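Here's a quick tour of a few local features worth a look. Have the model open as you read.

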Amino acid sequence: MPNAALAACLVLLQQPAVSRPSLTTRWTAEVTPEHVLPEYPRPDLVRPTWQTLNGTWQYAVRDSGSTSSPRAWDGTILVPFPIESQLSGVRRTVTDRQRLWYRRTFRIPSTAAGTRWLLHFGAVDWEAIVSVNGRRVGAHRGGYDPFTLDITGALRPAPGDQELVVRVWDPTDRGDQPRGKQVLKPQSIWYTAVTGIWQTVWLEAVPRAYITALDVRPDVDAGTVSVRVAASGTTPAARVQLAALDGDSTVARGTGPPGQPLTLYIPAPKLWGPGHPFLYGLRVRLGDDTVTGYFGMRKIAVARDGVGRLRLFLNNHPLFEYGTLDQGWWPDGLYTAPTDAALRSDIETLQHLGFNLIRKHVKVEPARWYYHCDQLGMLVWQDMPSGDNKTPAARQEFADELDRVVAALRNHPAIVMWVPFNEGWGQHDTRRIVARLKQRDATRLVDNASGWTDAHVGDVLDIHDYPGPALPPPDSTRASVLGEFGGLGLPIEGHTWQAKDNWGYRRYANQDELSAAYRALLDRLRSLESEGLAAAVYTQTSDVEIEVNGVMTYDREIVKLAGDVAAVNRRLQDPQGATVTRAPFGRTAEGIAVEAYTLTNPQGMQVRVITYGAILQAIRVPDRAGRVDDVALGHDDLQGYLTNTPYFGAIVGRYANRIAQGRFTLDGTTYRLATNNGPNHLHGGTKGFDKAVWQAEPFQQGDTVGVRLSHTSPAGDEGYPGTLAARVTYSLTPASELVVDYMATTDQATPVNLSQHTYFNLGGVGGGDILRHILSIDADRYTPVDSTLIPTGELASVAGTPLDFRAATAIGARIEQPDPQLGRGRGYDHNFVLNRTGSGLAHAAHVLEPTNGRTLDIFTTEPGLQFYSGNFLDGTITGKGGHAYQHRSGFCLETQHFPDSPNHLSFPSTILRPGAEYRSRTVFAFGVSR
């Protein structure tokens, strides 16, 4: 064997083995080579055309003396998952004596003369040397900041293959560089090393003169935002054009040279913060290059409250900031979350649990994590990843990377604090580092050191106390904060990284004991708040490897704390109780802006309503373990609702359900309606209320929040007589009831039958079929249908039929029985005649998901309830989180008057006449069964 090959083999034999726990998350299976973090990775500077390079690459591990691209490759790796992770497909350690090589090919389209091609890396740990077609195009040192290379000069003519090779060296804890909690031999609070590409890699084509970066700085007191546009390839005559947007409306414009701050005045600025995370859009144009972004009007400061204590003030009001220490690790992807939905889910879960802050601990996340914090209204304290910093060269490396991290993250309003050092790890030149941070970013606070060595500078005095809590000594100029406390541990069998030898600051035997201990900590914390404590950080968001002191298990399957934790936590925060927020949700094909309104009650239940179709876009509720899931099928963006969607979450009308042959006679006149369901008219026709953009007005009445939506349907709309003015009001109560009120008036007699068409799955979106859900319906009779699902006119007994849900029954128990009615609907698609004794609100149905305990009770003033078991879902519609909606993966319970009532005089009338009001109410009450 040649000496070089022998040496390589010896290195491979000597390398430490990666521990091989197989713990996964519910998102692991969603990752495929064709679907790897496909979202645009830089939401604060967006171009519409780009090309992801995530997916399957070749890899090789070679000794450190190798400088030439390998002739043979060891296998394939799934980028951007670190080589040590399960999701990479490799799970292999790379030492400081080795180099990790990557290779792939890509193609680019033909472009106009002068086009530049930019290659972007979200993050590579640690030193990366990049070559394209055998030509070195650049190098980068730093594991936590993005970098961009102009590879235009190395490209071959399109459309041939282009070869991309990346060589990585990562010494981990055998080097001085910033590395956070990575070590080659994991133990205690130190975790598995991460090597190589761990964030998205992508390409963009840009014109000769293009925008490279934005520096956006809001000033709440002045009502302005200052924007500095960095650019490349410009001439002295170049000008940038700015526009600040409130939804569809331009609220401010500016023009000026790149490189200079341009100030826009924002009239009556809407402020950003927890519970009201309003984001303005930002459009920037430089010649042929246009980018979009966003900003939040937000101010953070230290000031004295009404009794003279120093507090953290957000937008000139004191706010107790309470959150979790967040390591940002995943059992399947280590540094890299398996999906964007997983990345967002942690934030949503913490928000539901009543936290308003996350301390991102010695790690920097992808830009999309901060984007989700911006959207959701979650405050962030951002640590700089720690390193040894023993030598002058290492300290310069630390300072340079800190500068780049700040530059990359400075536009995110969620970040309110920089934390350069943790517990003395690599701490040095603290005064100089704090001054450097203040110089580069005057819009945020600086915590000079979280725990241990205080240099008496910065904006806060931060101590750690386990389990605590404790109050720092008084300080005349800085607010007192508790940067870490808690650490209460509970391993849960089947949800740990390893079965034995797990670790926590305190250990408990079960969830009841843990929750009781947590409440005791919070009781003491409230006392400290009254004595002047301004913020606290509980350890920690999730279990990580052998640490079991998370609020959640490492696989994010179980929330360990009891269901009342949200109320306990919110009592710390000068709570705002229920909130309603507004955000943009895209535009229709006609360019009409669509908005989203998010309703949150004091218990943390959230409902999101969009103005397109008055759609219930999301309903997030906890299960019996406290895990929050969205239980409404639908889409993550507007485009899904504009294409192929079977009325997901929409208000259907003018007439919900079917009208036979699209025809009815009223006052001697026969009206012909659009037919869109075989021979019949369904849910208002080809362009019913589900496809209208409604006008919206949010409101709050105590702890009840909501939004009123209105739409006017002109005479002749889809064939209906009369102009109908309709209004739907969604209200979310403190009791986790979603109340839907309908009202309409007309100037000419017309049929009206409005209903809500949400597809529920109490197992959560992507939770499988709904056949195990237990359903009861308060109905002795139903309306049988013909072969086109039109009622025959009979009110038939459910007794002895598969449609008998008077006793609680699994939806799937009888759905396959050879019954003619089931055959016509391909399952349940029938109107039930509710057992009513009066005209008021009455109970209609109860649903239980037996695995997680979620329940839904429905009350209504309507005479009927249409039960549909998702029979026509067939996997062809891809919805939230990339889930394909399979057969019977959702059910509908639509409160309504009976189908085809205008053609059945014996049915309750649906005719609305001038001078009268159509009114109806339905209540969806969510809960859990213990």
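What follows covers a helix, a sheet and a loop residue.

## Ground rules

This is a predicted model: local features need pLDDT of at least 70, side-chain atom pairs count only at pLDDT 80 or more, and totals for chains, interfaces and linings use all residues. Numbering runs from 1 along each chain as its sequence is written, and side-chain values use heavy atoms, with hydrogens and water left out.

## Helix 5

Take helix 5 (residues 430-440), where the buried residues (under 20% relative accessible area, 1.4 Å probe, protein chains only) are Thr430, Ile433, Val434, Arg436 and Leu437. They sit on the same side of helix 5, because they cover an arc of only 160° around the axis, going by the directions from the axis to the C-beta atoms.

As for partners, the buried residues pack against helix 4 (392-409), strand 30 (415-419) and strand 31 (445-446). Helices (H or I, at least four residues) and strands (E, at least two) are DSSP runs, numbered from the N terminus.

Nine strands make an open, antiparallel sheet, ordered 47-48-49-50-63-59-58-53-56; pairing takes at least two DSSP bridges. Strand 47 (695-701) and strand 56 (809-810) are at the edges with a single partner strand each, so one side of each has no neighbour in the sheet.

Strand 53 (residues 774-777) pairs with strand 56 over two bridges, antiparallel, and Leu775 faces Thr809 in strand 56.

## Asp717

Asp717 belongs to the loop between strand 48 (704-713) and strand 49 (724-732). Leaving aside neighbours within four places in sequence, Asp717 is in contact (heavy atoms within 4.5 Å) with Arg654 and Lys687.

Asp717 is buried but has no salt bridge, and the nearest side chain of opposite charge, Arg654, is 5.2 Å away. A salt bridge needs a side-chain nitrogen of Lys or Arg within 4 Å of a carboxyl oxygen of Asp or Glu; for charge, Lys and Arg count as positive, Asp and Glu as negative, and His and the chain ends are not counted.

Definitions and conventions:
Buried < 20%, exposed > 50% of the residue type's maximum accessible area, 1.4 Å probe, protein only.
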